[in-house]
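The stops below are given in the order in which to select them.

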Amino acid sequence: MTVPVTQGEKDEGYYMQFYLPSKFTKDNAPLPNNPDIKISTIKEGHFAVIQYSGRASDNNFLKHRDILNQKLLEDNININGPAIRAVSYTHLRAHETVLDL
């Protein structure tokens, strides 16, 4: 499994993203067996990130999303969409909440 795995909200549902090594492009990536799985390139951008450890629970994610939101509001920084959850399933359990700026 790739690290991190990201999860977010889109179109009244949720999505999950897995990342391929940089040697792969949309043209040479292995084709998925499932038609619901899409290969796409994520556009670059500017993001605010807060890292936390412990369990990857909804409560832990929401707590850190709110902390990051509040700090960005205090600094008058605009947020462009819902928070993304980046989860690491390694022994380090270093998770992140990501906001697109």
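pLDDT is the predictor's confidence in each residue, on a scale from 0 to 100. This is a predicted model, in which local features need pLDDT of at least 70 and side-chain atom pairs count only at pLDDT 80 or more, while totals for chains, interfaces and linings use all residues. Residues are numbered from 1 along each chain as its sequence is written, and side-chain values use heavy atoms, with hydrogens and water left out.

Colour by confidence to begin. The chain averages a pLDDT of 88, and 96% of the residues score at least 70. Confidence is lowest in strand 1, at a mean of 85, and highest in helix 1, at 95. Helices (H or I, at least four residues) and strands (E, at least two) are DSSP runs, numbered from the N terminus.

**Stop 1: Asp11 and Glu12**

Select Asp11, in the loop between strand 1 (5–10) and strand 2 (13–17). Glu12 is found in that loop as well. Most residues other than glycine have a negative phi. Phi of Asp11, however, is positive, near 50°, and Glu12 has a positive phi of about 60°. For accessibility, buried means under 20% relative accessible area, exposed over 50%, and partly exposed in between (1.4 Å probe, protein chains only). Asp11 counts as exposed because its relative accessibility is 71%; Glu12, at 89%, is also exposed.

**Stop 2: strand 3**

Next select residues 47–53, which form strand 3. In a regular strand the side chains alternate between the two faces of the sheet. Here the covered face holds Ala48, Ile50 and Tyr52, and the uncovered one holds Phe47, Val49, Gln51 and Ser53. Two strands pair if DSSP finds at least two bridges between them. The bridge partner of Ser53 is Ala94.

**Stop 3: the core and helix 1**

Which residues make up the largest nonpolar core? Select Ala48, Ile50, Tyr52, Phe61, Leu68, Leu72, Ala83 and Leu99, 8 residues in total. Strand 3 and helix 1 are the elements that give two or more residues to this core. A nonpolar core is a set of buried Ala, Val, Leu, Ile, Met, Phe, Trp, Tyr and Cys residues joined through side-chain atoms within 4.5 Å.

Centre on Phe61. Not counting residues up to four places away in sequence, Phe61 touches Tyr52, Ala83, Ile84, Arg85 and Thr97 (contact means heavy atoms within 4.5 Å). Then move to His64 in helix 1 (residues 58–74). His64 is buried, because its relative accessible area is 12%. With neighbours within four places left aside, His64 is in contact with Ile50, Tyr52 and Thr97.

**Stop 4: Arg85**

Arg85 is in strand 4. Is Arg85 buried or exposed? Arg85 is buried, with a relative accessible area of 11%. The side chain of Arg85 reaches the backbone oxygen of Ala56 at 3.3 Å. Beyond four places in sequence, the contacts of Arg85 include Val5, Thr6, Gln7, Ser57, Asp58 and Glu96.

**Stop 5: Arg93**

Finish at Arg93, in the loop between strand 4 (84–87) and strand 5. Arg93 counts as partly exposed, at 44% relative accessibility. Leaving out residues up to four places away in sequence, Arg93 touches Tyr52, Ser53, Gly54, Arg55 and Ser88. Draw a distance from the C-alpha atom of Arg93 to that of Ala56: the two residues are 37 apart along the chain, and the separation is 7.9 Å.

Conventions:
Polar contact = N/O pair within 3.5 Å; in protein donor to acceptor, adjacent residues only side chain to side chain.
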